[in-house]
Amino acid sequence: MKKKKIVILGGRGDGELIAWACRDVEGIEGYGWLNDHENKGTQIACLPVLGKISKGEINNLISDPEVLFITALQKVKQAQERLKKIKGMEIPPERYFSLIHPSAYVAPNVKVGYDTFIGFHVCIMANSIIGNHCSFRSSAHVGHDWVIKDGCFVGPNSSLLGRGVLGEGVHIGPNVSIRERVKIGEYAIVGMGSVVTKDVPAHTIAIGSPARIKE
Ligand SMILES: CC(C)(COP(=O)(O)OP(=O)(O)OC[C@H]1O[C@@H](n2cnc3c(N)ncnc32)[C@H](O)[C@@H]1OP(=O)(O)O)[C@@H](O)C(=O)NCCC(=O)NCCS
(Lines give C-alpha, C1' and ligand atoms only; values in the text may rest on other atoms or scores of the structure.)
Protein backbone atom coordinates (compact mmCIF):
# COMPACT_ATOMS: atom_id res chain seq x y z
CA MET A 1 0.00 0.00 0.00
CA LYS A 2 1.20 3.49 -0.88
CA LYS A 3 2.25 5.63 2.07
CA LYS A 4 0.33 8.83 2.74
CA LYS A 5 2.53 11.89 2.24
CA ILE A 6 2.33 14.30 5.16
CA VAL A 7 2.74 18.01 4.42
CA ILE A 8 3.27 20.20 7.49
CA LEU A 9 1.93 23.75 7.32
CA GLY A 10 4.06 25.90 9.58
CA GLY A 11 7.54 25.62 10.93
CA ARG A 12 9.79 24.95 13.84
CA GLY A 13 8.60 24.06 17.34
CA ASP A 14 5.51 21.87 17.01
CA GLY A 15 6.28 21.34 13.33
CA GLU A 16 9.68 19.77 13.91
CA LEU A 17 8.20 17.41 16.50
CA ILE A 18 5.61 16.38 13.94
CA ALA A 19 8.25 15.94 11.24
CA TRP A 20 10.31 13.55 13.35
CA ALA A 21 7.20 11.78 14.66
CA CYS A 22 6.17 10.96 11.07
CA ARG A 23 9.07 8.49 11.01
CA ASP A 24 7.49 6.47 13.80
CA VAL A 25 3.98 6.06 12.38
CA GLU A 26 3.18 3.25 9.93
CA GLY A 27 1.59 4.04 6.59
CA ILE A 28 2.82 7.64 6.35
CA GLU A 29 5.95 9.56 5.45
CA GLY A 30 6.96 13.16 5.99
CA TYR A 31 6.83 14.81 2.56
CA GLY A 32 7.66 18.48 3.16
CA TRP A 33 6.61 21.87 4.49
CA LEU A 34 4.66 24.86 3.44
CA ASN A 35 6.38 27.68 5.31
CA ASP A 36 6.21 31.44 4.91
CA HIS A 37 9.62 32.18 6.44
CA GLU A 38 12.05 29.79 4.75
CA ASN A 39 13.05 29.56 1.09
CA LYS A 40 11.82 26.77 -1.13
CA GLY A 41 14.24 23.82 -0.91
CA THR A 42 15.47 24.61 2.63
CA GLN A 43 15.51 21.47 4.76
CA ILE A 44 13.82 21.49 8.15
CA ALA A 45 14.08 18.25 10.14
CA CYS A 46 15.29 16.54 6.94
CA LEU A 47 12.17 17.55 4.96
CA PRO A 48 12.18 20.18 2.19
CA VAL A 49 10.22 23.42 2.16
CA LEU A 50 7.92 23.02 -0.86
CA GLY A 51 6.62 26.61 -0.95
CA LYS A 52 4.74 29.27 0.97
CA ILE A 53 1.40 28.69 2.72
CA SER A 54 -0.97 29.75 -0.05
CA LYS A 55 -4.14 28.42 -1.63
CA GLY A 56 -2.21 27.88 -4.90
CA GLU A 57 0.41 25.63 -3.26
CA ILE A 58 -2.27 23.80 -1.26
CA ASN A 59 -4.37 23.16 -4.38
CA ASN A 60 -1.32 21.83 -6.27
CA LEU A 61 -0.60 19.42 -3.45
CA ILE A 62 -4.24 18.38 -3.02
CA SER A 63 -4.24 17.12 -6.60
CA ASP A 64 -2.00 14.29 -5.36
CA PRO A 65 -4.47 11.96 -3.55
CA GLU A 66 -1.75 10.63 -1.25
CA VAL A 67 -1.08 14.07 0.29
CA LEU A 68 -2.53 14.89 3.72
CA PHE A 69 -1.95 18.08 5.72
CA ILE A 70 -1.25 18.86 9.35
CA THR A 71 -0.83 22.38 10.74
CA ALA A 72 1.89 23.57 13.11
CA LEU A 73 1.11 27.28 13.40
CA GLN A 74 1.04 27.49 17.19
CA LYS A 75 1.85 30.89 18.75
CA VAL A 76 0.97 31.93 22.29
CA LYS A 77 -1.62 34.76 22.34
CA GLN A 78 -2.48 34.23 18.64
CA ALA A 79 -4.92 31.33 18.78
CA GLN A 80 -7.79 33.31 17.25
CA GLU A 81 -5.70 34.51 14.28
CA ARG A 82 -4.34 30.98 13.83
CA LEU A 83 -7.81 29.39 13.62
CA LYS A 84 -8.96 32.10 11.22
CA LYS A 85 -5.94 31.46 8.99
CA ILE A 86 -6.54 27.70 9.06
CA LYS A 87 -10.24 28.10 8.16
CA GLY A 88 -9.29 30.50 5.36
CA MET A 89 -7.14 27.80 3.72
CA GLU A 90 -10.31 25.80 3.04
CA ILE A 91 -8.63 22.40 3.22
CA PRO A 92 -11.36 19.71 3.26
CA PRO A 93 -11.45 17.86 6.63
CA GLU A 94 -10.70 14.53 4.94
CA ARG A 95 -7.39 15.92 3.63
CA TYR A 96 -6.09 16.61 7.13
CA PHE A 97 -4.14 14.09 9.17
CA SER A 98 -4.17 13.68 12.94
CA LEU A 99 -0.86 12.31 14.12
CA ILE A 100 -0.96 10.16 17.24
CA HIS A 101 2.54 9.11 18.20
CA PRO A 102 2.80 5.36 18.93
CA SER A 103 4.19 6.11 22.41
CA ALA A 104 0.93 7.91 23.35
CA TYR A 105 -1.99 6.17 25.06
CA VAL A 106 -5.39 7.23 23.78
CA ALA A 107 -8.27 5.26 25.30
CA PRO A 108 -10.23 3.37 22.63
CA ASN A 109 -13.45 5.38 23.05
CA VAL A 110 -11.76 8.80 22.83
CA LYS A 111 -12.89 10.83 19.80
CA VAL A 112 -10.07 12.72 18.13
CA GLY A 113 -10.83 15.35 15.49
CA TYR A 114 -8.77 16.14 12.40
CA ASP A 115 -5.49 18.05 12.19
CA THR A 116 -4.58 17.23 15.77
CA PHE A 117 -1.14 16.23 17.06
CA ILE A 118 -0.91 13.90 20.05
CA GLY A 119 2.78 13.80 20.87
CA PHE A 120 5.28 11.61 22.62
CA HIS A 121 4.03 9.83 25.79
CA VAL A 122 0.76 11.75 25.97
CA CYS A 123 -2.07 9.99 27.83
CA ILE A 124 -5.74 10.67 27.05
CA MET A 125 -8.18 8.79 29.23
CA ALA A 126 -11.60 7.32 28.48
CA ASN A 127 -14.65 9.23 27.18
CA SER A 128 -12.76 12.40 26.31
CA ILE A 129 -13.61 14.31 23.14
CA ILE A 130 -10.77 16.08 21.38
CA GLY A 131 -11.39 18.72 18.70
CA ASN A 132 -9.69 19.64 15.45
CA HIS A 133 -6.42 21.63 15.08
CA CYS A 134 -5.21 20.78 18.61
CA SER A 135 -1.73 19.98 19.89
CA PHE A 136 -0.80 17.89 22.92
CA ARG A 137 2.86 18.09 23.73
CA SER A 138 5.06 15.45 25.31
CA SER A 139 3.77 13.71 28.43
CA ALA A 140 0.60 15.80 28.71
CA HIS A 141 -2.07 13.93 30.66
CA VAL A 142 -5.77 14.39 29.94
CA GLY A 143 -8.04 12.71 32.47
CA HIS A 144 -11.37 11.02 31.73
CA ASP A 145 -14.43 12.80 30.32
CA TRP A 146 -12.75 15.95 29.04
CA VAL A 147 -14.22 18.05 26.28
CA ILE A 148 -11.45 19.84 24.43
CA LYS A 149 -12.67 22.14 21.67
CA ASP A 150 -10.93 23.10 18.41
CA GLY A 151 -7.55 24.81 18.33
CA CYS A 152 -6.38 24.01 21.86
CA PHE A 153 -2.73 23.62 22.91
CA VAL A 154 -1.76 21.55 25.96
CA GLY A 155 1.89 22.01 26.91
CA PRO A 156 4.39 19.35 27.95
CA ASN A 157 3.86 17.61 31.30
CA SER A 158 0.57 19.35 31.96
CA SER A 159 -2.01 17.36 33.85
CA LEU A 160 -5.75 17.81 33.42
CA LEU A 161 -7.79 15.95 36.04
CA GLY A 162 -11.18 14.51 35.05
CA ARG A 163 -14.36 16.02 33.57
CA GLY A 164 -13.25 19.51 32.55
CA VAL A 165 -13.74 21.66 29.47
CA LEU A 166 -11.23 23.59 27.39
CA GLY A 167 -13.04 26.11 25.20
CA GLU A 168 -11.97 26.87 21.64
CA GLY A 169 -8.39 28.10 21.23
CA VAL A 170 -7.30 27.63 24.86
CA HIS A 171 -3.55 27.61 25.55
CA ILE A 172 -2.32 25.57 28.50
CA GLY A 173 1.40 26.18 29.11
CA PRO A 174 3.90 23.55 30.23
CA ASN A 175 3.71 21.93 33.69
CA VAL A 176 0.20 23.13 34.48
CA SER A 177 -2.18 21.23 36.78
CA ILE A 178 -5.93 21.67 36.38
CA ARG A 179 -8.32 20.45 39.04
CA GLU A 180 -11.21 18.16 38.08
CA ARG A 181 -14.46 19.69 36.68
CA VAL A 182 -12.82 23.01 35.86
CA LYS A 183 -13.85 24.92 32.71
CA ILE A 184 -11.38 27.12 30.86
CA GLY A 185 -13.15 29.69 28.68
CA GLU A 186 -12.37 30.14 25.00
CA TYR A 187 -9.05 31.74 24.06
CA ALA A 188 -7.90 31.84 27.69
CA ILE A 189 -4.20 31.24 28.44
CA VAL A 190 -2.89 29.40 31.48
CA GLY A 191 0.75 30.31 32.21
CA MET A 192 3.50 27.77 32.66
CA GLY A 193 3.59 25.98 36.00
CA SER A 194 0.18 27.22 37.14
CA VAL A 195 -2.22 25.29 39.37
CA VAL A 196 -5.80 25.96 38.28
CA THR A 197 -8.41 25.32 40.96
CA LYS A 198 -11.37 27.34 39.60
CA ASP A 199 -12.98 28.13 36.24
CA VAL A 200 -11.04 30.60 34.07
CA PRO A 201 -13.07 33.19 32.10
CA ALA A 202 -12.73 33.39 28.31
CA HIS A 203 -10.01 35.64 26.83
CA THR A 204 -8.10 35.98 30.11
CA ILE A 205 -4.60 34.96 31.26
CA ALA A 206 -4.40 32.88 34.45
CA ILE A 207 -1.05 32.43 36.21
CA GLY A 208 0.41 31.15 39.45
CA SER A 209 -0.49 28.67 42.18
CA PRO A 210 -3.35 28.93 42.82
CA ALA A 211 -3.90 30.57 39.44
CA ARG A 212 -5.17 34.16 39.45
CA ILE A 213 -6.35 36.23 36.52
CA LYS A 214 -3.62 38.58 35.24
CA GLU A 215 -4.99 42.14 35.06
C1 LIG B 1 1.20 33.27 30.51
C2 LIG B 1 2.29 33.99 29.77
C3 LIG B 1 2.06 33.88 28.29
C4 LIG B 1 2.20 35.44 30.24
O5 LIG B 1 3.14 36.20 29.57
P6 LIG B 1 3.08 37.81 29.64
O7 LIG B 1 1.66 38.26 29.44
O8 LIG B 1 4.10 38.30 28.69
O9 LIG B 1 3.43 38.14 31.11
P10 LIG B 1 4.80 38.74 31.67
O11 LIG B 1 5.95 37.91 31.27
O12 LIG B 1 4.82 40.20 31.32
O13 LIG B 1 4.62 38.61 33.24
C14 LIG B 1 3.76 39.43 34.02
C15 LIG B 1 4.02 39.09 35.47
O16 LIG B 1 3.55 37.77 35.75
C17 LIG B 1 4.63 36.94 36.18
N18 LIG B 1 4.44 35.65 35.50
C19 LIG B 1 4.42 35.43 34.19
N20 LIG B 1 4.18 34.14 33.95
C21 LIG B 1 4.07 33.54 35.12
C22 LIG B 1 3.81 32.20 35.51
N23 LIG B 1 3.62 31.25 34.61
N24 LIG B 1 3.75 31.93 36.82
C25 LIG B 1 3.92 32.90 37.76
N26 LIG B 1 4.15 34.18 37.43
C27 LIG B 1 4.23 34.51 36.14
C28 LIG B 1 5.90 37.64 35.73
O29 LIG B 1 7.00 37.31 36.56
C30 LIG B 1 5.50 39.08 35.88
O31 LIG B 1 5.54 39.42 37.24
P32 LIG B 1 5.96 40.92 37.71
O33 LIG B 1 4.91 41.83 37.12
O34 LIG B 1 5.91 40.83 39.20
O35 LIG B 1 7.30 41.16 37.15
C36 LIG B 1 3.69 33.41 30.08
O37 LIG B 1 4.00 33.54 31.42
C38 LIG B 1 3.81 31.93 29.77
O39 LIG B 1 3.29 31.05 30.42
N40 LIG B 1 4.55 31.63 28.74
C41 LIG B 1 4.74 30.25 28.30
C42 LIG B 1 4.35 30.18 26.87
C43 LIG B 1 4.16 28.76 26.43
O44 LIG B 1 3.34 28.04 26.95
N45 LIG B 1 4.90 28.37 25.40
C46 LIG B 1 4.83 27.06 24.84
C47 LIG B 1 5.83 26.20 25.52
S48 LIG B 1 5.78 24.53 25.08
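What is the order of the strands in the open sheet of five strands? Keep that in mind while we set up the viewer.

This is a predicted model, where local features need pLDDT of at least 70, side-chain atom pairs count only at pLDDT 80 or more, and totals for chains, interfaces and linings use all residues. Residues are numbered from 1 along each chain as its sequence is written.

**Stop 1: two domains**

Colour residues 4–72 as domain 1 and 98–215 as domain 2. These bounds come from an automatic or database domain assignment. The centres of the two domains, taken over C-alpha atoms, are 25 Å apart.

Eight residues from domain 1 and eight residues from domain 2 make the contact. Two residues are in contact if their C-beta atoms, placed from the backbone, lie within 7 Å. On the domain 1 side, α1 (14–21) and β5 (67–72) are the elements that give two or more residues. The largest share, four residues, comes from α1. That side of domain 1 has five nonpolar, one polar and two charged residues. For these classes, Ala, Val, Leu, Ile, Met, Phe, Trp, Tyr, Cys and Pro count as nonpolar, Asp, Glu, Lys and Arg as charged, and the others, Gly among them, as polar.

The element names work like this: helices (H or I, at least four residues) and strands (E, at least two) are DSSP runs, numbered from the N terminus.

**Stop 2: the five-stranded sheet**

Back to the opening question: the order is β3-β4-β2-β1-β5, and the pairing is mixed. Strands pair if DSSP finds at least two bridges between them. The edges are β3 (43–44) and β5, each pairing on one side only.

Now select β1 (residues 4–10) and β2 (residues 28–34), which run parallel and are joined by six bridges. Next to look at is β5, which pairs with β1 in the parallel sense over six bridges. Here G10 stands opposite A72 in β5.

How many residues of β1 are buried? Five of its seven are, so β1 is largely enclosed by the rest of the structure. The cut-offs: a residue is buried if 20 or more other C-beta atoms lie within 10 Å of its own, exposed if 12 or fewer, and partly exposed in between, with C-beta atoms placed from the backbone. β5 is mostly covered too, with five of its six residues buried.

**Stop 3**

Show α1 next. Six of the eight residues of α1 are buried, so the helix is largely enclosed by the rest of the structure. Pick out the buried ones: D14, G15, L17, I18, A19 and A21.

**Stop 4: H101**

From A21, hop to H101: their C-alpha atoms are 6.4 Å apart, though the two residues are 80 residues apart along the chain. H101 sits in the loop between β6 and β7 (105–106). Is H101 buried or exposed? H101 counts as buried, because it has 21 C-beta neighbours inside 10 Å. Leaving out residues up to four places away in sequence, H101 touches A21, D24, I118, G119 and F120.

**Stop 5: the eight-stranded sheet**

Another open sheet has eight strands in the order β6-β9-β12-β15-β18-β21-β23-β24, with mixed pairing. Its edge strands, each pairing on one side only, are β6 (99–100) and β24 (212–213). Zoom in on β18 (residues 171–172) and β21 (residues 189–190), which pair in the parallel sense over two bridges. I172 has V190 as its bridge partner in β21.

**Stop 6: the ligand**

Select the ligand and its surroundings. There are 14 residues around it, the closest being G155, G173, G191, M192 and I207.

**Stop 7**

Finish with P210, in the loop between β23 (205–207) and β24. A cis peptide bond joins S209 and P210, with omega about -5°. Then find N175, in the loop between β18 and β19 (177–178). N175 has a positive phi, near 55°, in a residue other than glycine.

Methods:
Near = placed C-beta within 6 Å.
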